[in-house]
Amino acid sequence: MEEKIRQLTQACSEEISAAGSENALYAVRVKYLGKNGLISDLMKGMKDLTPQQRPVMGKLVNDARSALETEFTEKGNQLHEAELAQKLAAEKIDITINKGRSVGKLHPLNAVRKRLVDFFVSMGFEVMDGPEVETDYYNFEALNVPKDHPARDMQDTFFLGGNLLLRSQTSASQVRYMEDHKPPLKMISPGRVFRNDDDATHSPVFHQLEGLVVDKGITMCDLKGILDSFAKHFFGSDTKVRFRPSYFPFTEPSVEVDVSCSMCHGKGCKICKGTGWIEILGAGIVNRKVLKICGIDPDEYTGFAFGFGIDRIANIIHSIPHIKLLYENDIRFLEQF
Amino acid sequence: MKLPINWLKEYAAIGNASPEEIAEALLRVGFEVEEIIYAGAEIENVVVAKVIDCKPHTNSDHLHVCMVDNGKEILQIVCGAPNVHTGDVVPCALSGAKLPGGIMIKPGELRGVMSYGMLCSGKELGVDDTIIEGAEVDGLLQLPKDTPLGTDIRKIIGLDEYVLDVSVTANRPDCQSIIGLAREVAASMDVKFTPPVNKYKVVEYENEFMPDVKIESDLCSRYTGRLIRDVKIERSPEWMARRLRLVGIRSINNIVDITNYVLIETGQPLHSFDIRFINKGIIVRTAEKGEKITALDGKEYYLADDMLVIADTKKPVAIAGIMGGEYSGIMSDTETVFLEAARFDRRSIRVTSRKLGLRSDSSARYEKGVDYESVDEGRERALALVYKLKVGKIVDIRSDAGIDRPKQKIIETSASQICSIIGIDIPIKAIERILNALDIETEIKSKTDKLICTIPLRREDIEDFADLSEEVIRYYGYDNLEPTFLKTAACTIGGESEKDKLINGLKNVLCGMGAYEMMSYSFITEKAGDMMLLDRNDSRRRCIKLLNPLGEDTSMMRTQLTHNALSAAALNLSRGNERFRLYEIGRVYIPIEDGKQPEERTHLSITYSGSDETFYTIKNTVNAALEYFGVNTVLKYSAQPYLHPGISADILLDGEIIGSYGEVHPTVMENYGISAKVYCAEIDLEPLLKTGEHVAKYKVISRFPCVNRDLAVVVKDECSVGELLDTIHCACGNDLESVELFDIYKGEQIESGYKSVAFALKFRSCEKTLVDSDIQKLTESAIKMLSERNGAKLR
């Protein structure tokens, strides 16, 4: 009997080791440990033993059974893991395939506009919006450009009949803002402007951002301070700002503002046409006449105003060679930014 | 404004400063130099050479084979000119030379003989007799025999010159002149400025005819006339013709050239009349109704009663400041000249010039503004030139009218006031020095910081201390400003408007749906309404028209975004971009009343194309946008003419259509040249933007288990899923957590004209665990209501 137990245990062990799948292992289990399995049969043979032998043999059979159970569990785990690993390996996919669509993007102009707005809002500027179809008064007259003034030749305006025109500059918003708000004022007005100009470097529709500060004691030095930090923020911390005298009817003194070329760092390149400087905006101290027209006492308050082309800034930042590309809406262009 | 450097040198002691240095000096003080032009740029490698041997070509009856000495080497050149002889000194274009008109000279064989260059005529060098004597002969330009061989021909014909193209701002008409700019250059470079000294002798008045001048319109504030007798109309000296050429003016004759020369030099337009054609007197007046004049350009102009003319007692003889009459100008036999120097209102000249479509150098100058000072300066300069060039005799008689010289403006200010807007302290002495250099006489009130400034008449732009601040900082240098950060300003709260914030958020949603933002012009074509098949009475056809559009395609202000969206779709498809999602948020311009500003409304357009796009993909994006605003909208089939009638929807908010979307109508696709299916949407955002930011409120999340049931019913084909869903919701009430369509089936086992629709229902109560009997009751009531309302049968 003892020998039989040993033989069966050994044979079972060998079959466990040989089992190649969970199913095969289960069959072995049924063969030996099942209800009518070989080990169970041993228990049935117990009745032929003497009462003295029974507990001894019973223990031997039980020990063998529990030893085999452990072996089954271990082997079972082993097989399970191997089979899972195989299954997972078989499920491997090609991760380089792309499905579905990508997220869209803002138009490069509006992405830049948003950055500009965020910058000025962080300094306490309110964002203001004005009508694009303007009256002659807000676009010209109130900005110190009377009818038939040569300064009107500076901008080719689209006319709509009567007093109406398409605003040629976001400065038109200045007056509207000052009519409704009293100093201290800090305002920017980004928006669409129109000029009757259509060639390689001009688009009849483009975008400007107007800025206005009116308070006590505002000076050209404040203008320089704000524009310095603006230029550094947008074109890099080593950017220099240069003021050149110029003329705008609604500012006095007036300046054109250049920044050092961020491409060549002032050495001269195609972008800056070899000068090392890129003209980016016009600015100045708000003309006393304009303040008066808006009901603000020029002896008490001074202010500065500036305005620049958003299209131009976007083109500089992204090295876009032609302004027209911005309005074609070729998806291959829009996907780039 | 063209500024030849050698002309500038006459008045500003700039020495040997390079064109770049002068350009930099101008830029510093506010005059941008757009271009540094080398006048001889069109000619290269053309030198003076001597013909040392000249033999007839053996194989030609008109060509000559010449040996030519250019000072460095002897070249064989074949020449076809009739006037070539041994010993001639002529211009010679060497191998690799450039001539006007882009002509390049290369060695080549002419009838079997090699030619290593070309001998040139005056015409080939682009010159005529006014520039160099003999330029118009038939054949080579013969140069003086003692001309050094090898000399660059550009030196000989006056083209070895630099010209700056200066952009003069509109506030400085006084700098539309050589002298005006010389004053600025001299001050900027800190060198001496010497205005011209105009000296001439007059002859006694001999009672000859001299017209009286009367001004009858306030559009002329000053008119002066002088008489020049014994005039001999001739060619001008070469130096004058050459200078005029540098600024783009062709030489005509001595009198006309002097008036043009003075216009450029002093900025004062002048006009010369042949006295024979003036009847009795000169009257400066506005034209009478119906009056007309034939101008120097040979064209007849009808004059309006707001146009200023120079008339004699019978007829207008000139359109004031713009152009003279054809029959009163200078002729080859003119003997006595009446020379006009006047100041006309710049607005009037501008308006008249525009109305007549007639521009001249004179009108261009008057439009910018001519001051009192320049009337005298220009006239005196012209008379001095008449005297110097012996053109005629200046008679000691004047016909002047109007204000001679108004009082000069005096501005009392102080150093601290001037500096108050600049932001740095500039020493009062520096201020005084700068202003005086600009001819603004400045006096410091002793022991104060007060300044008394006398403004020259030519500086009509200077009105108050701010203008003086500009003059000071312009010359003191903007580089001296110390950047400050609004140190005296109050703190303010900035930010975007609620509307902008909502639009930013909407853009995030749309980008998240895979759509790219596009931007189109605000203009559309007049044909847009037809292309989109809009009804004749459709309000979107009522657009504001541009009076001066760039072209027909951009002649109206858009009233909808769809036209530009479809155009963008067509462009992309034509370029082979077959898959795209685009959106635009932009303004449309809705006319309200003639002459009033239109209503500018913000619209959204969405445009999808690609093999995987369907009505439902664009619907999904539209719904995402609507959901962002948190509004409840209703759908119905759309009647938009540009959309497919069966594959399009209108969006209704509170019963009003706020937008439509769907597949583009095939006829419209054809109209736009669209080659693949395109889905588009346009929504008026205004009502949505008014709803404000959507703030969601918490709803209880049930902790009880859910029960899923499927339900399939057979309904008529035309019954919509939306109706069935409504019914199911209505029947099941709050215990129905969700219901989703999962199948629509037509075909075998289903009667034709019917379809089977299957839904997955999920039940869950907030109050208890639903048991079988609850679910049973709920599904039964759904089935019952579906049958009653929608004629559905359980499948």
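## A walk through chains A and B

Pro184(A) lies in the loop of chain A between helix H7 (172-180) and strand E5 (185-194), in what is a predicted model. The peptide bond that leads from Pro183(A) into Pro184(A) is cis, and its omega is near 0°. A cis peptide bond is also found from Glu252(A) to Pro253(A), where omega is near -5°; Pro253(A), for its part, is placed in strand E8 of chain A, which covers residues 251-260.

With these two places in mind, the reader may step back to the layout of chain A. The domain assignment divides chain A into domain 1 (2-90) and domain 2 (108-334), and the C-alpha centres of domain 1 and domain 2 of chain A lie 89 Å apart.

A pair of helices in chain A can be followed next. Two packed helices are described by the angle between their axes and the distance between the axes. For helix H5 (residues 108-121) and helix H8 (residues 220-235) of chain A, the axes come within 11 Å and cross at roughly 135°. Angles over 145 degrees would count as roughly antiparallel and those from 65 to 115 as roughly perpendicular, and H5(A) and H8(A) are therefore oblique to each other. The crossing in which H5(A) passes H8(A) is right-handed. On the side of H5(A), the contact is made by Arg115(A), Leu116(A), Phe119(A) and Phe120(A), while H8(A) contributes Ile226(A), Ser229(A), Phe230(A), His233(A) and Phe234(A). Sorted by class, the residues in this contact of H5(A) with H8(A) are six nonpolar, two polar and one charged.

Further along chain A comes helix H10, made of residues 310-318, in which Ile310(A), Asp311(A), Ile313(A), Ala314(A), Asn315(A) and Ile316(A) are buried. After H10(A) comes Ser319(A), a residue whose phi is positive, near 55°. A positive phi is also seen at Asn329(A), a residue other than glycine, where the value is near 65°. Asn329(A) is found in the loop that joins helix H11 (325-328) to helix H12 (331-334) of chain A. Because buried means under 20% relative accessible area, Asn329(A), with a relative accessible area of 2%, is buried.

In strand E3 of chain B, which runs over residues 44-56, the reader will find Asn45(B). The phi of Asn45(B) is near 60°, a positive value in a residue other than glycine. At 39% relative accessibility, Asn45(B) counts as partly exposed.

Arg458(B) is the last stop, and its place is in the loop between strand E26 (450-455) and helix H12 (465-476) of chain B. Arg458(B) has a relative accessibility of 9% and so counts as buried. Once its neighbours within four places in sequence are left aside, Arg458(B) is in contact with Asp174(B), Arg183(B), Asp371(B), Glu373(B), Glu377(B) and Asp439(B).

Technical notes
Residues are numbered from 1 along each chain as its sequence is written. Chains are lettered from A and ligands numbered from 1 in the order in which they are written. This is a predicted model: local features need pLDDT of at least 70, side-chain atom pairs count only at pLDDT 80 or more; totals for chains, interfaces and linings use all residues. Side-chain values use heavy atoms; hydrogens and water are left out. Buried means under 20% relative accessible area, exposed over 50%, partly exposed in between (1.4 Å probe, protein chains only). Helices (H or I, at least four residues) and strands (E, at least two) are DSSP runs, numbered from the N terminus. Contact means heavy atoms within 4.5 Å. Axes are lines fitted to C-alpha atoms, for helices over the stretch in contact, and angles run from 0 to 180 degrees between N-to-C directions. Angles under 35 degrees count as roughly parallel, over 145 as roughly antiparallel, 65 to 115 as roughly perpendicular and the rest as oblique. A crossing is left-handed if the near helix is turned anticlockwise from the far one by less than a right angle, and right-handed if clockwise. Ala, Val, Leu, Ile, Met, Phe, Trp, Tyr, Cys and Pro count as nonpolar, Asp, Glu, Lys and Arg as charged, and the others, Gly among them, as polar. Domain bounds come from an automatic or database domain assignment.
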